[in-house]
Amino acid sequence: MELDLRERYARLQADLADAARAAGRSPGEITIVAVTKKQPPEVIAAALAAGITDFGENYLQEARTKFPCHPEPVEGRVRKHFIGHVQTNKAKAIVQTFDVVQSVDRIEAGRALARAARDLGKTLPILIQLNVSPAERFGCPPEQAPALAEALRAEPGLLVAGVMAIGPLTADRDALERSFALAAKTFERVGGTILSIGMSGDWREAVRWGSTMIRVGTALFGQRPAAPLIGAKN
Ligand SMILES: *Cc1c(COP(=O)(O)O)cnc(C)c1O
């Protein structure tokens, strides 16, 4: 698997560039976040060697044990994105471990991250996670997102940089398009520079709806092991 990671990454970059141009967009405006949840440290090492710069992880404890294995290349060159559920009692560890938090869906989580960022002397870029799919457990209702963004913009320590959403896991392409349309419309109301939509199965549609950041796991690394490496919950 690791042997062809370079190839898969190059292929994804080329396909993304084609899709961007087909949508009348510039390939340079779309970032690939490689989602390495449940993947072992060797996969992260291979990804770093392949030139991947942005990593997404869902589980705090897992990320904390995996990334310190590669302190040297990780510092400065790499951005770690937290894309899992934010528990307020883990805010400080999340801010210590990650450079961006994409999954802020309620005021308490945002405020806890802001406090932690201030304590650590950091400014933390965050995205408002939207719920645009009935099957999703988390995410802010889109109609409440502008108010949440405004409240969190008043918090020193945070930079509200845009929105993130998970499309519905469905074969119904119309439902997918509706979800991304709603995310794009909400992004306009929230403001910022990052619209994080699109995963392995739906990034092409997301690019047509203006995605500036796709989060791709299986298309780069293959199927994930069923269980997280460490700590079932976090
Ligand atoms: C797992 C995950 C991804 C990547 O999913 P793939 O289908 O493997 O590309 C992206 N975003 C979030 C929030 C995830 O949890």
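**A strand, its crossovers and the surroundings**

Author: Let's start with a crossover: β5, α7 and β6 form a β-α-β unit that is right-handed, meaning that, with the strands pointing away from the viewer, the path from the first strand over the helix to the second runs clockwise. Helices (H or I, at least four residues) and strands (E, at least two) are DSSP runs numbered from the N terminus. Please keep in mind that this is a predicted model, in which local features need pLDDT of at least 70, side-chain atom pairs count only at pLDDT 80 or more, and totals for chains, interfaces and linings use all residues. Residues are numbered from 1 along each chain as its sequence is written, and side-chain values use heavy atoms, with hydrogens and water left out.

β6 is the strand to watch. The rest of the structure largely encloses it, because 7 of its 8 residues are buried; here buried means under 20% relative accessible area, exposed means over 50%, and partly exposed lies in between (1.4 Å probe, protein chains only). β6 is parallel to β5, with 7 bridges between them; two strands count as paired if DSSP finds at least two bridges between them. Within this pairing, Met164 of β6 sits opposite Gln129. β6 is also parallel to strand β7 (residues 194–196), this time over 3 bridges, and there Gly162 has Ile194 of β7 as its bridge partner.

Now follow the chain out of β6. Gly167 is in the loop between β6 (158–165) and α8 (173–190). Its relative accessibility of 10% is why Gly167 counts as buried. Beyond neighbours within four places in sequence, Gly167 is in contact (heavy atoms within 4.5 Å) with Ser133, Leu176, Phe180 and Asp202. The C-alpha atoms of Gly167 and Val132 are 6.7 Å apart, although the two residues are 35 residues apart along the chain.

Ser133 belongs to another loop, the one between β5 (124–130) and α7 (145–153). Ser133 is buried because its relative accessible area is 5%. Leaving out neighbours within four places in sequence, the contacts of Ser133 are Ile166, Gly167 and Pro168. Ser179 counts as buried because its relative accessibility is 7%. With the same exclusion of neighbours within four places in sequence, Ser179 touches Val132 and Pro168.

Ile166 leads us on to the ligand. The surrounding residues, those with a heavy atom within 4 Å, include Ile166, Val35, Lys37, Met199, Arg215 and Thr218. Several polar contacts (pairs of N or O atoms within 3.5 Å; within protein, one must be able to donate a hydrogen and the other to accept it, and residues adjacent in sequence count only if both atoms are side-chain atoms) can be listed here. A polar side-chain atom of Lys37 is 2.6 Å from a ligand oxygen atom. A side-chain N or O atom of Arg215 is 2.9 Å from a ligand nitrogen atom. From Thr218, a polar backbone atom is 2.8 Å from an oxygen atom of the ligand. On its own the ligand has 390 Å² of accessible area, and the protein covers 90% of that; accessible areas come from the Shrake-Rupley method with a 1.4 Å probe, and for residues, only the protein chains shown count as cover.

Val33 is opposite Arg215 in β8, and the parallel strands β1 and β8 (residues 213–216) are joined by 4 bridges. Strand β1 (residues 31–35) is mostly covered, with 4 of its 5 residues buried. β1 also runs parallel to strand β2 (residues 54–57), over 2 bridges, and Ala34 has Phe55 of β2 as its bridge partner. Ala34 counts as buried because its relative accessibility is 1%. The helix between these strands takes part in a right-handed β-α-β unit of β1, helix α2 (residues 41–49) and β2. In the loop between β1 and α2 lies Lys38, whose phi is near 65 degrees, a positive value in a residue other than glycine.
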